[in-house]
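Please examine the model shown below.

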Amino acid sequence: MARFESLLDALGGTPLVGLPRLSPTHDVRLWAKLEDRNPTGSIKDRPALAMIEAAEREGKLRRGSTILEPTSGNTGISLAMAAKLKGYGLVCVMPENTSTERKQLLQAYGARIVFSPAAGGSNEAVRRAKELAEANPDWVMLYQYGNPANAEAHYRGTGPELLKDLPTLTHFVGGLGTTGTLVGVGRYLHEAKPDVQVIAAEPRYGELVYGLRNLDEGFVPELYDPSVLNGRYSVGAYDALRRTRELLENEGIFAGISTGAVLHAALAVAEKAAARGETADVAFVVADAGWKYLSTGAYAGSLDEAAARLDGQLWA
Amino acid sequence: MAVTVSIPTILRTHTGGEKSVEAKGATVLEVIDDVESRHAGIKGRLVKEEKLHRFINVYVNDEDVRFAGGLEAEVKDGDTLTILPAVAGG
């Protein structure tokens with residue numbers, strides 16, 4: 001169905017498209033789930049709306065309430081749209097080293113942005129948001145890193161959609177941030193089709209982002225459940241950009257930079273399966289489109305130059 | 001040939017500021033022990049009770065060793081072992 005009562009109702013049901021040119025063989029095929037076809041253009045619409053609806057059911061959110069969230073961008077944009085339609089205020093705590101488009105979109109939706117320092121990346125945003133939550137007890141922090149509604153949105157939505165569209169699915173590859181996508185989809189797939197391999201691709205940023213003062217400031221999201229994963233790849237900016245451009249040049253898909261990291265891991269998995277002579281259907285997530293990253297220069301000039309421009313930026 | 005070990009900023013106090021060091025070993029633990037023999041104290045930051053510190057991630061080339069045998073994960077000549085603190089995404 002393509003008719004909806006409101007933008008919020010148009011969530012999910014995203015297309016799964018084959019990648020005939022990038023698939024290694026006829027027997028090992030790659031499939032992209034286009035999560036940029038969600039209301040604000042990213043996969044984060046799913047957890048954002050699910051977390052808001054859970055807080056409404058629990059009576060934590062009422063008309064006029066203020067939502068607080070640490071976010072490097074997409075979750076904030078999703079929350080800002082839903083908050084606008086539902087009559088909530090929104091305060092986003094965002095690292096200062098994110099793309100300018102993310103800041104502009106949040107401001108366009110009327111969200112307040114509190115910037116956290118670049119060094120330490122999202123860790124600092126989480127720490128600052130927790131301080132703000134304590135100082136403002138009437139604000140409602142949804143907290144995507146530990147909110148079960150985040151993973152549930154993928155357990156109920158993304159996972160079943162994938163298996164319905166691709167019953168022959170053998171591998172699922174997604175980006176690792178809050179871990180919500182991989183934990184939710186992974187749990188669903190392991191229950192519904194236990195042989196499916198679930199693979200994480202996490203961005204490897206420049207040194208600035210890992211600049212913690214001490215190791216005890218390290219952060220593992222409360223949602224993270226490594227038992228649902230069969231492997232985890234760390235992908236740097238150069239490989240992420242290279243794959244992002246290959247996806248555009250070969251298959252016509254204009255994706256964000258994190259998708260390049262996910263495709264890099266998906267190709268590694270697919271090539272291993274092909275080398276063993278297996279038949280495989282490898283599905284991966286296109287978390288958002290490239291629009292929000294044009295100003296980073298990701299799509300122009302040499303890969304080395306583009307990767308150098310991303311150093312120290314939170315590009316996923 | 002040897003293994004290249006990439007050291008995060010936070011642990012470079014142990015390597016005299018070096019971003020990466022060369023080491024030998026057939027497993028992650030052997031490589032860490034070899035680094036420790038020249039850069040005393042680093043192992044205690046990485047390994048707690050015979051397991052990797054919960055806020056430390058180690059990758060052989062690009063793959064997280066926790067899914068490949070942990071400290072016993074295989075390392076080959078020419079591999080890069082990358083050590084990184086765990087940070088938030090999202």
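Does B:Glu50 count as buried or exposed, and how many C-beta neighbours does B:Glu50 have inside 10 Å? B:Glu50 counts as exposed, with 8 C-beta neighbours inside 10 Å. A residue is called exposed if 12 or fewer other C-beta atoms, placed from the backbone, lie within 10 Å of its own, buried if 20 or more do, and partly exposed in between.

This is a predicted model, in which local features need pLDDT of at least 70 and side-chain atom pairs count only at pLDDT 80 or more, while totals for chains, interfaces and linings use all residues. Residues are numbered from 1 along each chain as its sequence is written, and chains are lettered from A and ligands numbered from 1 in the order in which they are written.

**The loop of chain B**

B:Glu50 is located in the loop between E3 and E4 of chain B. B:Glu49 is found in the loop between strand E3 (47-48) and strand E4 (51-52) of chain B. Strands (E, at least two residues) and helices (H or I, at least four) are DSSP runs, numbered from the N terminus. Neither residue is a glycine, yet each has a positive phi.

| Residue | Phi | Other C-beta atoms within 10 Å |
|---|---|---|
| B:Glu49 | about 50° | 5 |
| B:Glu50 | about 65° | 8 |

**The interface**

In chain A, 33 residues are in contact with 21 residues of chain B; contact requires C-beta atoms, placed from the backbone, within 7 Å. Helix H4 (121-135), strand E8 (197-204) and strand E9 (231-236) of chain A each supply at least two residues of the side that touches chain B. The largest share of this side, 5 residues, comes from E9(A).

Key. Two residues are in contact if their C-beta atoms, placed from the backbone, lie within 7 Å.
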